[in-house]
Amino acid sequence: MTIQKERKKRKLPNGFTSSKPVQKLVSNWFSLDDTDDDLPIKQPIEMVQEYFPQDILGVKVMFPYVPYQSQLDLMKNIILSIENGQNAILESPTGTGKTLSILCSSLSWLEQAKQKRLEELSKRRLDFQKLAESLASLPELNECTKLNNVESDKSVIKENTSGVHGSESTGAAIEPESFRIPKIYITSRTQKQIHQTVSELKSRCQVKPKVSILASREYLCIHHDVKKSSNKNEDCQALKEQGNCIYAQNEKRLAMKDALPEIWDIEDIVTAGKKLQACPYYAARNLSKSADVVFAPYNYIVDPLIRNSMDMELEDSVLIVDEAHNIEQMSMDAASAEISEIEIREVLRVLKVYGKGMGDQSYLFETEDLTNLVNTILNWIQQYKSKGFPLKELNKTFRLWTGNEIHKSLKAEGISFSLLSQLEKSVAQLSTPSVVELPKSNMVKEQIKFPSHAINTLQKLILSLQYVFQETPDNRNEFKVLLSKSYQEDWKVRREFGDYQFALHFWCLNAGVIFSNLGNLCRSVILTSGTLSPIVSYAKELGVHFEHTLEAPHVIPDENLWVGSISSGPDRSPLCGVSTWAIHSKAWKTDPQWRACILP
């Protein structure tokens, strides 16, 4: 049989040859897409001109295409979960319009919720008018009482109008439960994925909410010195604390009207920040407080230290995690930590310098209890240095404890959960500057700030110890604690601290330790991805009850798929199975029929 006849029989795209018979359908559609976190080059956005309204559970969803059944099922589960304050875990294969379905359904629900709120406020306004008319008809009621009642009702209406349809208020006023509109957090693994989601929102969604995007200084900092720094966080904080960053001082300029497009991305806010000499990093953080929708990498939500540092409020919010197949590992990583002995000794040095009553150079920070904790940990490490390290891996040796064993060992040193809770508050107080009279300065007063790197290490240490000091033994045993010993490569560090470096490792083995807290905080948690099966076991690992589950089929019909073994491409060159071929071969340019393949 000729190659042409064979190709026709197997429906093989022109230019490819196969050495094996055609095999039947594969279950998923794979696309070649790199996973770099570099943002793609900005391309012109083609705006959708026509929408196809869909009535889903009473919510009018404006969809830019005629939706597939799998998209309708996905949107139905999302709306049902948000409306009822429930959780969902939804699997929809890659290439089925999952991200667009997430945006259209959640934002349409948000828009309708705002409309309901306006209707409620209008009803209140009518009730207020009727009350005022009734009061006016009572001659025995004095004018002062009337005025007080009217002003009281006006204030109620003013407070509850905050945050509706472009109101300038941040919505910080205390509101009745029925008037609150949940903030929606849409998260993904990388900034590149977030960029793609925002592009979908710009071009294909009719609803345009107030948005903000949270990102690291790596993406948002525009200070010429900090951008080049290998320690951007500390350098940025130092400049801001000293008042030497003009961009941080001007960050409110980016909140002005018309400073940013209606829907903006990282490139937009960085460009505007350079033009207005305003800091995109702090502006994005402040804009997130009044935004309807906040986009962020999901480690910002999962990691409690990052979440607290970004002042993110998850109470009664809607959390949507796209590409959630990595959320289990991310949760375990968020509850794990590595703290070197050198870091702990540096904290001790800082506590002595800045602690009250520690000498002539000391300031007014209360650090005695924190100093005692750090000394206890250092003495405990010193105690085990001489006992040997029975486990070995590559160039490191270890000593290992279970959660219950480390709890028993450190409890004997006087550490307890209640003590750690008190110390957590003490660390929070260190973030408040202390005003002191500097010695020999003619009564000059100065604000002294506790070093941020020491605060970060203390937070990490105390949080890790709190996990292993939980009340229930079952929870404690979800952790392993290691003390490691390795050769110190840096000769400068060796000269000061010795030939070997030691570190404490806290390993979390259960994602539910972290993720279950999110389920308790949020109104609704929705996980979506193309690969979540088996869903039942995945949900159990996260420690959250998911009322709604979905395993949607693919939208591509069986007859549109061909699976086989391909030995060479259109140019007759052999397929060697390396990723560079897929990027550089003419195969992807010369044959529009060929959309995806799996290289061996």
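Helix H3 contributes four residues to the lining of the second largest cavity, the most of any element, where helices (H or I, at least four residues) and strands (E, at least two) are DSSP runs numbered from the N terminus. The model is a predicted one, in which local features need pLDDT of at least 70 and side-chain atom pairs count only at pLDDT 80 or more, while totals for chains, interfaces and linings use all residues. Residues are numbered from 1 along each chain as its sequence is written, and side-chain values use heavy atoms, with hydrogens and water left out.

**Cavities**

Rolling a probe the size of a water molecule over the atoms shows where empty space is left. A cavity is taken here, on a 1 Å grid over the protein atoms alone, as a set of points where a 1.4 Å probe fits but cannot get out, and its lining residues have an atom within 4 Å of a point. Grid points are joined across faces, edges and corners, and a volume is the space filled by probe spheres set on the points. Searching the whole structure in this way gives three cavities of 30 Å³ or more.

The second largest cavity, to which helix H3 gives four residues, holds about 40 Å³ of space. Its lining is made up of Met62, Leu103, Cys104, Leu107, Ser108, Cys205, Gln206 and Val207. By class this lining has six nonpolar, two polar and no charged residues, with Ala, Val, Leu, Ile, Met, Phe, Trp, Tyr, Cys and Pro counted as nonpolar, Asp, Glu, Lys and Arg as charged, and the others, Gly among them, as polar.

The largest cavity contains about 80 Å³ of space. Among the residues that line the largest cavity are Cys221, Cys236, Cys245 and Cys279, together with His223 and Tyr281. The lining of the largest cavity divides into nine nonpolar, one polar and no charged residues.

**Salt bridges**

Side chains of opposite charge can pair when their charged atoms come close.

| Pair | Closest N and O atoms |
|---|---|
| Lys114 and Asp292 | 2.7 Å |
| Arg204 and Glu200 | 2.9 Å |
| Glu341 and Lys385 | 2.9 Å |

In the salt bridge between Lys114 and Asp292, Lys114 lies in helix H3 (residues 98-136) and Asp292 in the loop between helix H11 (280-290) and strand S7 (293-297), so the pair ties together parts that are 178 residues apart in sequence. Lys114 and Asp292 are both buried, where buried means under 20% relative accessible area, exposed over 50%, and partly exposed in between (1.4 Å probe, protein chains only).

Glu341 and Lys385 are also joined by a salt bridge, and this pair links distant parts of the chain, with Glu341 in helix H15 (residues 341-354) and Lys385 in helix H16 (residues 368-385), 44 residues apart. Glu341 is buried, with a relative accessible area of 8%, whereas Lys385 is partly exposed at 22%.

Arg204 and Glu200, by contrast, both lie in helix H5 (residues 191-204), four residues apart, about one turn of the helix. Arg204 is partly exposed, with a relative accessible area of 25%. Elsewhere, a network of salt bridges links Lys98, Asp322 and Glu323.

**Aromatic contacts**

Rings of Phe, Tyr and Trp (its six-membered ring) pair if their centres lie within 6.5 Å, and planes under 30 degrees apart count as stacked, over 60 as edge-to-face and the rest as tilted. Eight aromatic pairs are found in the whole structure. The rings of Tyr281 and Tyr282 have their centres 5.0 Å apart and their planes at 85°, so the pair is edge-to-face. Tyr281 is buried at 7% relative accessibility, and Tyr282 is buried at 13%.

Trp380 and Tyr384 form a tilted pair, 5.1 Å centre to centre with 55° between the planes. These two residues are four apart in helix H16, about one helical turn, and both are buried. Trp380 and Tyr384 form one aromatic cluster with Trp401.

Lys240 lies over Tyr282 at 4.7 Å from the ring centre, and Lys387 lies over Tyr384 at 4.6 Å.

Key: A salt bridge is a side-chain nitrogen of Lys or Arg within 4 Å of a carboxyl oxygen of Asp or Glu. A charge sits over a ring if NZ of Lys or CZ of Arg is within 6 Å of the ring centre and within 35 degrees of the ring normal. On a 1 Å grid over the protein atoms alone, a cavity is a set of points where a 1.4 Å probe fits but cannot get out, and a pocket is an open set with protein on both sides within 12 Å along at least five of seven lines; lining residues have an atom within 4 Å of a point.
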